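Visitor: I am new to this structure. Please show it to me, and then I will ask about it.

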Amino acid sequence: MAAAAESDNGSEVSPTAAAARDSAAVASPVKAKAKARALELETSASAASASESSEAKIDDGNIQEAESSLREGLSLNYEEARALLGRLEYQRGNVEAALRVFDGIDLQAAIQRFQPSLSEKPPSKRSNKLRSDSSNSGSQHAASLVLEAIYLKSMSLHKLGKAMEAARQCRSVLDAVESIFQRGIPDVMVEQKLQETVSKSVELLPELWKQAGAYQEALVSYRRALLSQWNLDDDCCTRIQKRFAVFLLYGGVEASPPSLASQTECSYVPKNNLEEAILLLMILLKKWYLGKTSWDPSVMEHLTFALSLCGQTSVLANHLEEVLPGIYPRTERWYSLALCNYVASHNEAALNLLRKLLNKNESPGDIMALLLAAKLCSSDCSLASEGVEYARRAATNAESSDGHLKSAALHFLGSCLAKKSRIASSDHQRSLLQAEALKSLNEAISLDRHNPDLIFDMGIEYAEQRNMHAALKCAKEFIDATGGSVSKGWRLLLMVLSAQQRYSEAEVVTDAALDETTKWEQGPLLRIRAKLKVAQSLPMEAVEAYRTLLALVQAQRKAYGTVKNVTEDDDKVSEFEVWQGLASMYASLSYWRDADICLQKAKALKAYSATTLYAEGYMREAREQTQDALAAYFNAVSTELEHAPSKVSIGALLSKQGPKYLPVARSFLSDALRLEPTNRMAWFYLGKVHKHDGRLADAADCFQAASMLEESDPIESFRSL
């Protein structure tokens, strides 16, 4: 009868037959009649299930009858029989019925039976080897049945929307495995079915905790999965590591460092979510390098995000370079590397990569690469001409795209033209370039009126050309656009007000700026406050302002660890600048002893500095030590070839030495004006040189320029922004 049923309904009996065969491995020899009875009972249940609707459920009587038949026919214990029946119902899709069957399994009782046979050390005698292997295999199979049942129970609860209960059941599977295999799952002699159940449970548990909203439990489960010995294969371990990294990056849960018990001596211990995620992602990349897993582009995307957050773009560049050819198109790789180098302030390396990318044989019309190249060139006067070409090509290519890209191209074009005007060989050429720069910036603003950076650069250009009314308007617009949270907007406003000789208003603005900005950004504002006091002939108040600034700088040094970290940021003031400023102030007041003390402190921080040597020369000149002053000024120029104040001072001193020195003096002063066209002292002394040389018309023009510039001279150069 059983044979007939098996022949007629083979497709329905296959799950039961598989279950029976699995159980037979642990059963003692059974009677043919009992086995036939069990198969007949299971087959009839399968046929009934197929004929009824999918919502039909077996009652407790049928469960007990089927369980009794399996126990008698296949010599299974209570838990094993229930596990077999529950799996059968789960495979049929009867989740609730399977859950009712699984509820009767006593996992703790099963653990106590399995633990002695699976955790004991295998015997060393060869005569007992076969018997031991057979007993161990049978115990593993029985354990596999029960543990799989609990895993399926967890899956059933999950399908019914009970994530918290499902997670607890799944955790009990792993607890049971740790109790049975107290030394961890061995690499060999483990049944495949048991290993599959363990691997699935380890992978499922964190996901269940996340769905239940228990994020700290999910965190613990991820670490448990990766730190305990589960004998996971590479693919399973890779999936867990990737999900854990994603959870740490985007989960919004602050993870505490791993427990001390899981830390080994001399090992690296992550301090926060970001470090732990980066470590996991780097491990995944290393696996790919070693050929243990397939390439997953999302791993590099997550690593890019993580390393960008902590500013470690140099590390990201190294990983991008290690990716084998063929994964990324080379132009895409070059652009990514250029971005990494740009953020790391390696501008020369970034520009070289972009030059390769924009070669006529590669991607000469790549608008994003053109924009980045133009931006890089806009920061260096010597590269301004090259940047103009990149920006013009970008503006041409952006004609058919959105207005934002064209606005960005015009913005960089204006910035490059402004930089190019600073090294123009003639006043006429400089005027043309400045006019063209303003035209480009105005066109850019017409396309993107609310771009704060564009408004700020427009204000700087107006200020450089001494259009203070327009510069003041741009400074106010920038502060409104940024909500007053960016200190450079306040600095621009203060410099414009100081150029208009509106010192009292500048003091009020300084107080407002200090209230709006964070503590670490207040350094440049405090420096401006000190210079405002000096400009108003209030030396004691200036000293107090410098004292406050010095306290802030020293606090920054302690917070950042080294002076280098502080000075690398444009929004910070170094201790060297504070002592240099104090030395200049005391020298202007003829307090030579105090000036010498401050100058020596500045030299101790930076031995070879053009500004320090210039200050020393100024002090020597004030004491009428002309030769020593000239030596100091020449040393300053030797240290920094384009130090305009030293060139002005050399020209001024040489103009007083007699007619034969006038050509040399004129050369130095003209060179200083090439570097700083708005340096009023250079114009003044050049006028004196022309007067001594008998060129009165030229002298008058120079004196007029010096007078006009004096009326709009800021307390700090606009180029310092």
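Visitor: How many contacts beyond four places in sequence does the model have for residues 121-135?

Guide: This is a predicted model. Over residues 121-135 the pLDDT stays under 50. Another stretch, residues 562-569, is also below 50, and it has nine contacts beyond near neighbours in sequence. For residues 121-135, the number is three.

Visitor: In which helix is confidence highest?

Guide: The chain averages a pLDDT of 82, and 81% of the residues score at least 70. Confidence is lowest in helix α1 (residues 2-8), with a mean of 37. The highest value, 95, belongs to residues 367-377, which form helix α18.

Visitor: Are α29 and α31 roughly parallel or roughly antiparallel?

Guide: Helix α29 spans residues 575-588, and helix α31 spans residues 610-622. Their axes lie 10 Å apart, at an angle of about 15 degrees. Angles under 35 degrees count as roughly parallel. Therefore α29 and α31 are roughly parallel.

Visitor: How many charged residues are in the contact of α29 with α31?

Guide: From α29 come Phe-576, Gln-580, Ala-587 and Ser-588. Thr-611, Thr-612, Ala-615, Tyr-618 and Met-619 come from α31. By class, five are nonpolar and four are polar. The number of charged residues in this contact is none.

Visitor: Is Ser-498 buried or exposed?

Guide: Ser-498 sits in helix α24 (residues 487-499). Beyond four places in sequence, Ser-498 touches Tyr-503, Leu-532, Asp-713, Pro-714 and Ile-715. Its relative accessible area is 0%. Under 20% counts as buried, so Ser-498 is buried.

Key
Residues are numbered from 1 along each chain as its sequence is written. This is a predicted model: local features need pLDDT of at least 70, side-chain atom pairs count only at pLDDT 80 or more; totals for chains, interfaces and linings use all residues. Side-chain values use heavy atoms; hydrogens and water are left out. pLDDT is the predictor's confidence in each residue, from 0 to 100. Helices (H or I, at least four residues) and strands (E, at least two) are DSSP runs, numbered from the N terminus. Contact means heavy atoms within 4.5 Å. Axes are lines fitted to C-alpha atoms, for helices over the stretch in contact, and angles run from 0 to 180 degrees between N-to-C directions. Angles under 35 degrees count as roughly parallel, over 145 as roughly antiparallel, 65 to 115 as roughly perpendicular and the rest as oblique. Ala, Val, Leu, Ile, Met, Phe, Trp, Tyr, Cys and Pro count as nonpolar, Asp, Glu, Lys and Arg as charged, and the others, Gly among them, as polar. Buried means under 20% relative accessible area, exposed over 50%, partly exposed in between (1.4 Å probe, protein chains only).
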